[in-house]
Amino acid sequence: MSARKTPQPATARPTTPGFGTSNEDDSRLAKAESRAVRARSLRLLGSLIHPIRVRFWLTVAMVVVSQAAHAAGPALIAFGIDRALPALSHGDSAPLVLAGIGYLLAAVVTAWLTAMYVTSTAKLSQAMLLDLRLRVFRHTQRLSLEFHEKYTSGRIIARQTSDLEALRELLDSGVSSLAAGLMFMLFTAVTVFGLDWQSGLIMLGAAVPAAFLTRWYQIRSQVAYRESRVVSARIIVHFVETMTGIRAVKAFRKEARNTREYTDLSEKYRRVTVRSINLNGIYLPALVLLGNVTVAVVLAVAGFRVLHGELPVGVLLALVLSVKRFFQPVDQMAMFYNSFQSAQAALEKVSGLLEEVPTVRPPKEPVPLPEAHGRIEFRDVEFQYGDGPVVVPELNLTIPAGQTVALVGQTGAGKSTLAKLIARFYDVSSGSLTLDGVELSRIATPELRRAVVMVTQEAFLFSGSVADNIALGRPGASREEIEAAARAVGADAFIRALPDGYDTDVNKRGGRVSAGQRQLISFARAFLANPAVLILDEATSSLDIPSERLVQEGLARLLGGGAADAHDDGARQAERRTALIIAHRLSTVEIADRVLVVHDGRVVEDGTPEELIQGGGRFAALHGAWKDSLV
Amino acid sequence: MAQTQSTFLHALTRLYPHLKPIMPRLIMGFFSALGASIVALAVPQVLKVLINDSLHPGGPSSEVWIAVLAVLGLGILEAGLIALRRQFVISPATTVENGLRVSLYRHLQDLAVDFHDRWGSGQLLSRAMADLNFLRRWMAFGAIMLMVTTLTVIIGVALMFSMSWQLALVFLAAAVPIVATGTRFRRNFLKVARRSQDQAGDLATAVEESVHGIRVLKAFGRGREALESFNAQAEELRETEILKARQLAFFSLISTLLPELALGVGLVLGIALTASGQLSIGALVAFFATAAVVAGPVEAIGMLLSMALTAKSAIDRHFEVMDTPVTIASPERPERPERPAHLRGALSFRNVSFAFADELDKDTPHFLLRGLDLDLHPGETMALVGVTGSGKSALLQLVPRLYEVTEGSITIDGQDLRGFGLEELRRIVSVAFEDTTLFSNSVRDNVLLGAPADVLADEERATAALAEALDVAQAHFAHSLPDGLDTRIGEEGLSLSGGQRQRIALARAIAARPKVLVLDDPLSALDVATEELVETRLREVLRDTTTLIVAHRPSTVALADRVALLQDGRIADVGTHSELLARNEHYRYVIASLDTGPVDLDSELEEERELGNELEDEVNA
């Protein structure tokens, strides 16, 4: 009956393979797709580094200099033993003093720069993480409800936590060890070439098998790490769902089933993790082995040259030792590459989320609407969710500013859809929807949100105090204003009765306040927001009668513009508010100037309550039923 | 120092039962790692001997081959030991991680609802994922490397002593200030590491809220404010992380600088000693060669120590949750005097008082319920009426023991709830809340979630029970969802409207075939006609079920045999609707519509409903 109420996945987005989050659960991607997501992930990494590139290169420079200073240590010792010692025996202590001071200097520079780049790396890494966190947060807030209705909160949390953690691991250890390792290898290579260029060539020859090995590792670990991202996101989704729905879990004894499912997921995650680590467990020793084999090869070739008298023995030892040292940072590099692969897989997912395009977009050139009056007009509006069936066929409707309209009709008739269109949670598929003559899609978001506020049945409370939650309606409101708003909707009494009054912590998801109380708080929010157009979508369903009576009075005041006395801007004082009310209860409808009966997305009756009752249509029948139920 | 060390040891002791089974492999991993570093250290020495002593121009080529084979052999051994360490350690470490993760989850599911009221799921998630991941990495790498490194340093210093005790003393002198700094570092770093983990958890909670509350944020256009507050939180985390790095940097500075300075002094002193003939050149060279080898591990110690400290705080965080007692649990020996089938379902509240757990810690706790008495006869339907915030929902949640009575008792057929096994109790008692949580599953699985095992075992009966429950709850719409009853709903599936969700949740409560049913205003999102239909059907189904239903409207009260009025934490009056209307002013105030009576208007017309039913029949047929 009302399946159409459910949005279908958006189709407005580009059809490039692998675009956005569409292939998020796949770990074995087709070649082109794999390349595309990889490139996307690298682009994201690049864009994160870009703003801090100066510090980045500065950090690298610190690493290089500290490495050089570090390398100076042994050289100074050699200098001390080779030169200063004989000089001292001859009574010349100058070289000794030089060596001593030089060594101390090198030590200070090394240690100081090391401390500097440890801090600097953390700053870099934290700056990038903060940047990415905010980007993801901003983007998820920007994405339309359509997106959120299919992408779970658990996934977004997974992107924001475990995926970012992977990036953090890379950044924290990677940069400095990579730079240090590369520098070390470069210096050592120069030494080797200085000693014997032929051996140097042999050493560099190891790069060929290393490249093959790395390529093999890259391809395998890419799949493993992608899989790890997918499974860890599934664990997180499951975990969050269980913890947020713990009451129902307990009440319906879902614990054992959940544990089974979670154990499976966790075991799967373990196996994927082991797989990725084991790949590295092959890659890393293989690289070490490769280095050692190269040392042996250099030894063999150079050894025979020694036998043939082509190479002095003294050079051979230095040569072989240097070649051995050349491969020393290889395990660091392997670790770096490992973190890199892991982070890249994570960034593939994050960049996919960032690539999603909001279907409801802020206007490029907004039409200013400094002061909304609240006249709403539908012209030939058609609406469908995604490419689903048409929910609202050709609607023409004008709601003059200040009118209170009740929307009546059966569940799934399209009342909520109309409300969501006016609040611009969705955009109309065709036709035009205007506020004060301005197309909704051309009003800047902050102005639109100031002018139109919607209160829904699910009154979500954020952790924080009751006062904080009311203040959401108008950040910066004073305590007096907050309390006045609560008084106006009749929430004041119960709030004062709470343990800490307005400062009571509502806890996670408002566990301590009942659904009715939450609705009262969200009413107070709306009251404080003081919009030109107020939409109430079954916002009073959980209220008991006394509360509803209070809300009624508050509502009457709110709609009549009386709320303005709680504010300093008296602009709207004289003016009435436009209101769109979806409610089951007649009491709410009774204060309406006009009733619209909606059926299958069409307005089938339209008039004042009195007119409709006299007209003998659907509303009249409903009204009759209501009269009966009063007895 | 003793104190921090003992707490660190304490943390390890807590972990030990989990480590015990993998201990042999950890130890073998340790020896592999040790072997690998010894081989790495030995290779240059071996090379020196081989090359300097046996290779000379004109010698036989076998000498070269021997040297090459020796180097190759050592090289393979080194790589092999590295591979072996990973082989020994990694898989068991992931097993431990996995075990900790699952037991945390299990414990979290057992913990009472009031725990979950206090803890954001992001905070818990950070413990289940980030902390345990880190712990695994530490077990497989950090802990072993810390031991290997410490051992290397100790052996190295001993060697240095054997070469020149004077120089070694100078080197060792540097250790004193390092140890002193280390103590402070340990204390401070632990604090900051803990703070950063907690902040990361809170940040995850903030993300969760921003997504669950996205409709509110969008409706009020508060995306920017949410971003700002998230920014502030993320900024705090960033600062903590940088502070962490600063502390580590400072300690690294001290722990690398002082030994190097000592070596600088040692260099001058050593050369002077050698020049005066108190030390041989060979010993001097060997001393500095060893010092160079020891320097690497010394530099790494700061990093490894910080890893160990972070791991310690991760262990603390884990056990903080694990140590939280399960306040609501099955009794050790559940009394099962009768099989549930024989239960009559008489529900009694005796002198029940209730306050939320955090209230009880206060000097003057606010009791929501105070000495409440109420009796429900078997099979009776009782409506519970009271003003918003009077404690109706809390009272209801006491019955399946989601919350626990603070004082007094609740009984079913005279037996205290606490005497039943929890599973058993929740099989007997079923609920539908005002917040309807559906799980990411098919409609079928959601509705049959609480259904008795014998019904589920039989495909046909299960299908019949499903159809009946949906019919009673007037949730026929479910049949016409895209994939019918197999349509996936919940967060990961199709989103349903409030009214639709409520009806599925009601169907779920009915399909559980409970002896006692508690309903928290389950019809609030339904229109009057649907409510009436639901009520008619409920009356039939609930004939043998004791029902306590929170009612906000006279139409819901109409479902009940009697009405209980909750006022000031007590049941102020019990009677039929008309009795209470006649005699109780507060009742009139709470329930009576008076002139502005709330009545539904969303109902469809009678003929439409009939038409709809016909359609449904067709669909069903």
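This is a predicted model: local features need pLDDT of at least 70, side-chain atom pairs count only at pLDDT 80 or more; totals for chains, interfaces and linings use all residues.
Ala245 of chain B sits in helix α9, residues 223-275 of chain B. Is Ala245(B) buried or exposed? With 23 other C-beta atoms within 10 Å, where 20 or more are required, Ala245(B) is buried. Setting aside neighbours within four places in sequence, Ala245(B) makes contact with Val118(A), Thr119(A) and Ala122(A). As for Leu100(B), 145 residues away along the chain, its C-alpha atom is separated from that of Ala245(B) by 28 Å.

Residues 248-273 of chain B are 100% helix and 0% strand, and the end C-alpha atoms lie 37 Å apart. Residues 279-305 of chain B are 93% helix and 0% strand, with end C-alpha atoms 36 Å apart.

The domain assignment of chain B gives domain 1 as 2-17 + 93-322, and domain 2 as 378-401 + 420-620. How far apart do the C-alpha centres of these domains of chain B lie? The separation between domain 1 and domain 2 of chain B is 54 Å.

I turn now to chain A, and to helix α1. This helix covers residues 31-49 of chain A, 19 residues in all, and reaches 27 Å from its first C-alpha to its last, close to the 27 Å expected at 1.5 Å a residue. Its buried residues are Ser34(A), Val37(A), Arg40(A), Ser41(A), Leu44(A) and Leu45(A). Viewed down the axis of α1(A), these buried residues fall within an arc of 135 degrees, so they line one face of the helix. The face turned away from that buried side carries exposed residues, namely Lys31(A), Ala32(A), Arg35(A), Ala39(A), Arg43(A) and Gly46(A). The cover over the buried residues of α1(A) includes α11 (330-355) of chain A.

Among the buried residues of α18(A) are Ile545(A), Glu548(A), Gln552(A), Gly554(A) and Leu559(A).

Finally, confidence. Chain A averages a pLDDT of 84, and 92% of the residues score at least 70. Over residues 1-14 of chain A, pLDDT stays under 50, and the model has 39 contacts there beyond four places in sequence. Over residues 562-574 of chain A, pLDDT again stays under 50, with 20 such contacts.

Technical notes: Residues are numbered from 1 along each chain as its sequence is written. Chains are lettered from A and ligands numbered from 1 in the order in which they are written. Helices (H or I, at least four residues) and strands (E, at least two) are DSSP runs, numbered from the N terminus. Domain bounds come from an automatic or database domain assignment. pLDDT is the predictor's confidence in each residue, from 0 to 100. Two residues are in contact if their C-beta atoms, placed from the backbone, lie within 7 Å. The expected span of a helix is 1.5 Å times one less than its number of residues. A residue is buried if 20 or more other C-beta atoms lie within 10 Å of its own, exposed if 12 or fewer, and partly exposed in between; C-beta atoms are placed from the backbone. The arc is that of the directions from the helix axis to the C-beta atoms.
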